[in-house]
Amino acid sequence: MNKYTNIYISGYQVCGENGIIISEWLKKVLSISKKKIFFAPGPMIKSIETKTMDNFFKLNPILHINDDEAKSYTQESNVEKAIKILYKKNKNLVFITLGAKGTLFYDGKKIKQIPTIKTNVVDTVGAGDSHIGAIIAGLSKGMNIEDTITLANKTAAAIVGISGPIMDIKKFKKIWGEWKNE
């Protein structure tokens with residue numbers, strides 16, 4: 001565990017007994033406060049046991065969720081109120097994806113929405129996973145939050161523009177080259 005700086009946790013991994021085991025174990029990892037924990041509960045957020053969610057929030061994860069999930073979990077109809085409630089629980093960055101409207105983030109000081117690029121949506125499978133993956137990559141490389149979100153939005157836009165969650169290598173290299181030149 002010491003060689004890793006980032007830990008990614010998906011909601012599917014932590015439903016039921018697994019969640020309690022994983023969250024209790026993470027609390028005992030000596031160097032856990034030096035790690036960046038990325039938590040993307042996804043649609044399972046309402047199925048994860050309360051104790052497990054409390055354990056994860058105490059680890060101060062960077063939270064990644066979509067607007068419907070955020071509003072459902074917080075029981076708020078306003079996404080800006082929902083993001084503040086979530087921040088109070090995790091005391092760390094919160095990213096809420098808004099589909100074609102981009103991504104909302106809150107760092108405890110300001111709420112800001114970063115627009116996405118227009119794309120022809122073919123299939124949404126893999127959009128959330130590619131988005132959080134790009135956020136992890138961007139923050140790990142030292143990018144600022146807004147540039148990281150722009151990268152994540154472009155990555156997700158590319159994924160929803162294809163059928164299935166896997167982009168062919170030629171398209172990936174073309175898109176990567178465009179991003180590197182920005």
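Glu-146 is partly exposed, with a relative accessible area of 26%; partly exposed means between buried (under 20%) and exposed (over 50%), using a 1.4 Å probe on protein chains only. Glu-146 lies in helix H6 and Lys-112 in strand E6, so this pair ties together parts 34 residues apart in sequence. The two form a salt bridge, with the closest N and O atoms 3.1 Å apart. A salt bridge here is a side-chain nitrogen of Lys or Arg within 4 Å of a carboxyl oxygen of Asp or Glu. Lys-112 is partly exposed at 31%.

Glu-146 also meets Lys-110 in a salt bridge (3.4 Å, N to O). Lys-110 sits in the loop between strand E5 (103–106) and strand E6 (111–114), so this pair links parts 36 residues apart in sequence.

## Basis of the model

This is a predicted model: local features need pLDDT of at least 70, side-chain atom pairs count only at pLDDT 80 or more, and totals for chains, interfaces and linings use all residues. Residues are numbered from 1 along each chain as its sequence is written, and side-chain values use heavy atoms, leaving out hydrogens and water.

## Helices H1 and H2

The salt bridge count comes to four. One of them joins Glu-24 and Lys-51, with the closest N and O atoms 3.7 Å apart. Glu-24 is in helix H1 and Lys-51 in helix H2, 27 residues apart. Helices are DSSP runs (H or I, at least four residues) and strands are E runs of at least two, numbered from the N terminus.

Helix H2 spans residues 50–58. Its buried residues are Thr-52, Met-53, Asn-55, Phe-56 and Phe-57. Their cover includes E1, H1, E2, E3, H3 and H4. Contact means heavy atoms within 4.5 Å. Asn-60 follows H2 and has a positive phi, near 55°.

## His-131 in helix H5

His-131 is in helix H5. His-131 is buried, at 3% relative accessible area. Its side chain makes a polar contact of 2.8 Å with that of Asn-153. A polar contact is a pair of N or O atoms within 3.5 Å; within protein, one must be able to donate a hydrogen and the other to accept it, and residues adjacent in sequence count only if both atoms are side-chain atoms. Beyond neighbours within four places in sequence, His-131 contacts His-64, Thr-97, Thr-103, Ala-152, Asn-153 and Ala-156.

## Asp-67 in helix H3

Asp-67 is in helix H3. Its C-alpha atom is 6.0 Å from that of Thr-97, 30 residues away along the chain.
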